[in-house]
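Have a look at the sequence and the model first, and then we'll go through the parts one by one.

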Amino acid sequence: MGLIGFGRNGLVSVASVMAMTITLFVIGTVYLGGNFLNSALTEVKNKMDISVSFKTDAPEADILVLKKDLTFLPEVKQVTYSSREDELLAFRDRYKDNETIIQSLGEVDNPFGARINIQAVEPVYFDKITRFINGRNSPTNGGANLIDQISYKKDVVSKLSNLIDTSEKLGWAIALVLALLSIFAVFNTISLAIYTSREEISVMRLVGASNSYVKGPFVVEGMIAGVVASFLSLALLYPAVLWVRSVTANIYGGVNLVSFYFGNFGKIFIILFVSGVVLGFLASYWATRRYAKI
Amino acid sequence: MIYFDRVSKIYSNSIALQEVSFTVKSGEFISIVGHSGAGKTTLLKMILAEEAPTSGNVFFDSIDIHKVSRNQIPKLRRRIGSVFQDFRLLPNKTAYENIAFTMEASGRSDEEIRSDVPHVLDLVGLGDKLGSFPFELSGGERQRLAIARSIINQPDLLIVDEPTGNLDPITSAEIIEIFKKINEIGTTIILTTHNKKIVDSLGHRVLTLEHGQLIRDDKEGKYAL
């Protein structure tokens with residue numbers, strides 16, 4: 001009966017499905033965008049590290065002890081060591097096509113100090129790790145300072161994550177406003193359906209139809225609108241992610257939202273489907289409580 | 001079976017019923033008469049739990065109708081059949097479907113519906129109109145269809161509100177004959193009407209309402225207004 005009612009209400013049903021589709025589309029976009037940006041942020045975080053350059057005269061044994069100590073810190077995820085020779089080789093490799101540089105290198109001793117790169121569990125630990133390293137002097141070289149330079153870009157990460165947080169909050173706020181609007185749209189559709197069926201409802205009452213028998217079809221009608229809208233919004237998200245890929249083609253070969261969309265298809269579908277059904281249920285239940293009294 | 005205990009119904013600017021008390025015994029056939037606005041329909045609506053009294057109580061057997069929870073109201077209404085002047089049939093359903101719908105709404109099985117609907121339509125003389133829509137039926141046939149619907153669930157009480165208002169005298173007499181037969185098999189009937197001839201011909205108990213007050217209760221009364 002709910003399905004029949006949904007069909008009979010024609011254009012009004014279409015209007016409520018459209019309103020709900022827009023809402024679900026925004027919910028899908030916020031979810032998709034938020035998750036994608038967060039995974040991108042994780043990627044960036046993983047690439048962020050503290051780079052410690054040692055003085056050229058820093059004893060390797062001291063550096064290796066420091067490296068070992070660092071691995072025991074709970075805030076540290078990974079430590080990689082690159083000796084003076086490794087640094088030189090890497091430099092040579094990087095400038096192998098530039099003869100002038102390679103030639104000038106041959107005229108001096110190895111100018112590079114050793115280096116260790118430290119990945120923290122979270123970028124917030126960068127300061128603590130840096131303090132730990134700064135406090136280290138060379139025990140074998142009369143307490144001389146080992147470190148030449150410590151560098152990291154903590155601010156980029158915190159700014160980026162703040163930006164993502166803010167845009168996600170804004171997205172959810174918009175989704176919430178739209179959800180309320182679509183509840184009103186479905187509420188109106190169902191109210192109109194109840195008004196159209198008022199004669200039928202009054203006869204149902206008269207013959208002792210139960211609450212669920214009278215209200216059930218209208219609630220189902222609202223939920224059907226939600227289901228249809230969830231499918232439509234899921235279908236609309238696909239061209240949207242293709243568009244995002246095409247407009248971001250110049251950045252690192254394009255943001256691969258398409259594979260994220262397909263990779264999380266089941267999850268996105270469930271979120272939109274459940275949101276659609278819940279919105280439809282709330283709106284129609286509210287309408288029946290108000291207008292289809294037993 | 002029905003007991004009105006000092007029932008009043010006051011709307012914002014009018015009094016529909018005032019301190020009305022009476023009892024209806026099981027198996028009785030009662031006519032309620034009165035001018036338009038005397039409170040007849042309000043009284044019937046109270047039995048159907050469609051209106052609540054401002055003061056006083058209405059009992060169906062030992063149940064105080066207006067203290068019954070909302071969930072229990074449908075069960076109460078299934079014990080009451082009702083017929084109205086405007087028939088209240090569903091225009092987009094056939095005669096068969098109008099009755100089947102009532103049975104379905106009260107939770108009867110498909111098997112019961114298939115066996116009982118043709119039988120009850122036969123009883124009211126509409127055995128050959130199963131597939132007809134209300135607009136294809138005459139006024140009398142529509143009222144007979146409404147009667148069939150009201151008795152399909154074998155109610156204890158039948159409420160009949162101006163059943164002949166839209167019918168010619170001959171058809172009206174036929175309809176009243178059907179009600180008499182229904183009463184003879186034990187169903188209690190409360191009838192409201194303006195039709196003096198019908199009330200006089202019945203020779204049953206008559207309650208007379210005026211301005212919301214019960215002014216007369218005659219055991220074998222006549223229409224006296």
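Let's begin with chain B: of its 225 residues, 42% are buried. Keep in mind as you read that this is a predicted model. The secondary structure of chain B amounts to 7 helices and 10 strands.

| Helix pair | Angle between axes | Distance between axes | Source |
|---|---|---|---|
| α5(B) (139–151) and α6(B) (169–184) | about 15° | 10 Å | |
| α3(B) (95–105) and α5(B) | about 25° | 9 Å | |
| α9(A) and α11(A) (265–291) | roughly 150° | within 7 Å | |

Start with α5(B) and α6(B). With an angle of about 15°, these two helices are therefore roughly parallel to each other, and α5(B) passes α6(B) in a right-handed crossing. Which residues meet here? From α5(B) come B:G139, B:G140, B:Q143, B:R144, B:I147 and B:I151, and they meet B:T171, B:E174, B:I175, B:I178 and B:I182 of α6(B). Sorted by class, this contact has 5 nonpolar, 4 polar and 2 charged residues.

Helix α5(B) also packs with α3(B), at an angle of about 25°. That pair is therefore roughly parallel too, and the crossing in which α3(B) passes α5(B) is right-handed. On the α3(B) side you'll find B:A95, B:N98, B:I99 and B:T102, which meet B:L145, B:A148 and B:R149 in α5(B). By class, the contact of α3(B) with α5(B) has 4 nonpolar, 2 polar and 1 charged residues.

Over in chain A, the axes of α9(A) and α11(A) cross at roughly 150°, and that makes α9(A) roughly antiparallel to α11(A). Their crossing is right-handed. The contact between α9(A) and α11(A) has 17 nonpolar, 8 polar and 2 charged residues.

**Nonpolar cores**

Now for the inside. The largest nonpolar core has 102 residues, and the ones that touch the most other members are A:V186, B:I99, B:A148 and B:I190. The element that gives the most to this core is α9(A), with 11 residues. Apart from this core lies another one, of 16 residues, with A:I50, A:V52, A:L66 and A:A120 among them.

As for B:I190, what does it touch once its neighbours within four places in sequence are left aside? The list is B:V24, B:I30, B:I32, B:L44, B:L157, B:I159 and B:V160.

**Where the two chains meet**

How many residues of each chain are involved in the contact between A and B? Chain A brings 12 residues and chain B brings 13. On the chain A side, the elements that give two or more residues are α8 (198–206) and α9 (211–247). The biggest share comes from α8(A), with 5 residues. By class, the side of chain A that touches chain B has 7 nonpolar, 4 polar and 1 charged residues.

Conventions
Residues numbered from 1 in each chain as written. Chains lettered and ligands numbered in written order. Predicted model: local features only at pLDDT ≥ 70, side-chain atom pairs only at ≥ 80, totals over all residues. Contact = placed C-beta atoms within 7 Å. Helix = DSSP H or I, 4+ residues; strand = E, 2+ residues; numbered from the N terminus. Nonpolar A, V, L, I, M, F, W, Y, C, P; charged D, E, K, R; others polar. Core = buried A, V, L, I, M, F, W, Y, C linked by C-beta atoms within 7 Å. Buried ≥ 20, exposed ≤ 12 C-beta atoms within 10 Å, placed from the backbone. Axes fitted to C-alpha atoms, helices over the stretch in contact; angles between N-to-C directions. Parallel < 35°, antiparallel > 145°, perpendicular 65-115°, else oblique. Left-handed = near helix turned anticlockwise from the far one by under 90°.
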